[in-house]
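Please keep the structure open in your viewer as you read.

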Amino acid sequence: MNYDLKDLKLAPEGRLRIEWAGQNMPVLTQIRSRFAKEKPFKGFRIAGCLHITTETANLGLALQAGGAELVLCASNPLSTQDDVAAALVASGIPVGAIKGEDEATYYRHIEAALMTKPQLTVDDGADLVTQLHTRHPGLMKGVIGGTEETTTGVIRLRGMEKSGFLKYPVIAVNDAQTKHLFDNRYGTGQSAMDGITRATNILWAGKKVVVTGYGWCGKGIALRARGMGAQVIVTEVDAVRALEAAMDGAQVMPLAEAARVGEVFITVTGNKHVIDRRVLAKLRDGAILANAGHFNVEINLPALEALSVSRRPVRPFVDEYTLKDGRRIYLLGEGRLINLAAAEGHPASVMDMSFANQALCLEYLVKSKSKLKPGVYSVPEAIDSDIARLKLASMGMDIDTLSTTQKKYLDSWEEGT
């Protein structure tokens with residue numbers, strides 16, 4: 001069976017965009033076709049707190065095809081594509097998400113998703129899981145497991161696990177090789193640059209770009225900035241990553257030093273107040289601040305407000321803060337995730353692997369119900385490898401296999417010649 005989006009009752013304003021993304025998600029398309037036949041989620045309620053984009057829509061439609069009773073809410077107040085949300089509602093998937101919603105509305109939508117008493121959770125940042133644990137512990141009796149999409153969420157979940165607070169198994173989809181090696185590096189690298197470019201229309205060539213954090217996302221941003229002709233400066237707290245950045249050709253220095261010379265600052269650490277008051281006080285006139293981390297805490301927004309005498313919007317997603325000494329600082333997307341606040345997020349072809357992991361890990365949780373204890377789990381290696389194989393095949397590529405002799409040689413410790 002070829003599961004065709006044209007057969008679905010999608011609202012026309014979002015349908016074509018969802019179809020376009022689906023054409024670039026061949027692995028998820030294959031999974032969706034199988035789900036439509038096998039119905040692995042029949043009788044299961046799933047709540048997803050994700051960025052409501054065309055790519056997420058394709059994941060949602062795959063889960064729906066698999067028999068799930070699915071409800072979605074936004075994982076970021078500025079990441080929702082309203083026409084996509086409308087299209088999903090038209091297809092029978094309830095969605096609580098409005099681009100630009102205030103904090104109260106954001107959490108009200110999460111609460112509404114939890115009130116459906118989900119048996120599986122899908123998270124991007126762990127807001128759904130933490131709300132469930134802190135405000136509705138009684139609803140967790142029927143939960144068999146969950147998945148987490150992003151680094152920030154995995155960090156929060158591991159903290160919950162360490163403290164004994166996590167009450168059901170969650171698979172860290174972010175840590176799959178077919179996720180973080182590609183989505184984090186190539187997806188974030190391209191989409192963060194896209195968001196900043198759309199918001200500002202700056203010329204990257206010759207710009208001094210400061211990337212705070214050299215994890216997989218930071219590496220991707222630095223790679224793309226360098227490719228556009230920027231002079232890349234990396235700030236880090238990890239000596240090994242700092243050394244890697246230096247070997248990759250970036251300047252490495254403390255953020256307090258970079259503050260004096262940088263023109264564009266991109267935070268991507270997952271930590272709080274990376275660009276703090278002491279850094280803000282040193283920024284040059286015209287400095288641009290953008291955040292590519294999940295939450296809007298990496299730039300100290302209260303400190304920026306306190307240092308400023310005025311604030312005005314000068315372009316969509318660009319706010320100009322004038323400091324007491326006359327310097328102007330430009331904050332993009334209210335300090336929220338810039339690739340989704342001002343652009344469309346990651347390209348569909350890379351989200352294909354990320355959401356294939358989500359779909360197959362949810363199926364794995366259903367098959368493994370009652371077998372897994374509460375905790376954070378890695379994506380099963382077989383799922384990771386299968387997704388890589390399917391992705392290569394969709395790209396028209398094949399790889400070699402080891403012969404029996406080669407396998408025997410690698411397993412042997414006696415033969416050295």
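How much space lies in the largest cavity? About 40 Å³. Before we look around it, note that this is a predicted model, where local features need pLDDT of at least 70, side-chain atom pairs count only at pLDDT 80 or more, and totals for chains, interfaces and linings use all residues. Residues are numbered from 1 along each chain as its sequence is written, and side-chain values use heavy atoms, with hydrogens and water left out.

A cavity here is a set of points, on a 1 Å grid over the protein atoms alone, where a 1.4 Å probe fits but cannot get out; a pocket is an open set with protein on both sides within 12 Å along at least five of seven lines, and lining residues have an atom within 4 Å of a point. Grid points are joined across faces, edges and corners, and a volume is the space filled by probe spheres set on the points. By this rule there is 1 cavity of 30 Å³ or more. Its lining consists of Gly48, Leu50, Thr56, Leu59, Gly60, Leu63, Leu70, Leu72 and Val122. At least two lining residues each come from β1 (45–50), α3 (54–65) and β2 (69–74), and α3 has the largest share, 4 residues. Helices (H or I, at least four residues) and strands (E, at least two) are DSSP runs, numbered from the N terminus. By class, the cavity lining has 6 nonpolar, 3 polar and no charged residues; Ala, Val, Leu, Ile, Met, Phe, Trp, Tyr, Cys and Pro count as nonpolar, Asp, Glu, Lys and Arg as charged, and the others, Gly among them, as polar.

Now for an open space. The second largest pocket holds about 400 Å³. Of the 21 residues that line this pocket, Thr178, Phe182, Val350, Met353 and Lys391 are the closest to its centre. α8 (177–200), α15 (348–367) and α16 (381–394) each give at least two residues to the lining, with α16 giving the most, 7 residues. The pocket lining splits into 9 nonpolar, 8 polar and 4 charged residues.

Let's follow α16 to its neighbours. The axes of α15 and α16 are 10 Å apart, at an angle of about 140°; axes are lines fitted to C-alpha atoms, for helices over the stretch in contact, and angles run from 0 to 180 degrees between N-to-C directions. α15 and α16 are therefore oblique to each other, since angles under 35 degrees count as roughly parallel, over 145 as roughly antiparallel, 65 to 115 as roughly perpendicular and the rest as oblique. Their contact (heavy atoms within 4.5 Å) includes Met353 of α15 and Lys391 of α16, and has 7 nonpolar, 2 polar and 3 charged residues.

α2 (residues 26–38) also packs on α16, with axes that come within 9 Å and cross at roughly 115°, so α2 and α16 are roughly perpendicular. Here Pro26, Val27 and Gln30 of α2 meet Ile387, Leu390, Lys391 and Ser394 of α16.

Finally, α6 (residues 127–135) and α7 (residues 151–162) pack at about 30° with axes 10 Å apart, which makes α6 roughly parallel to α7. In this pair, Asp127, Val129, Thr130 and His133 of α6 meet Arg156, Leu157 and Met160 of α7.
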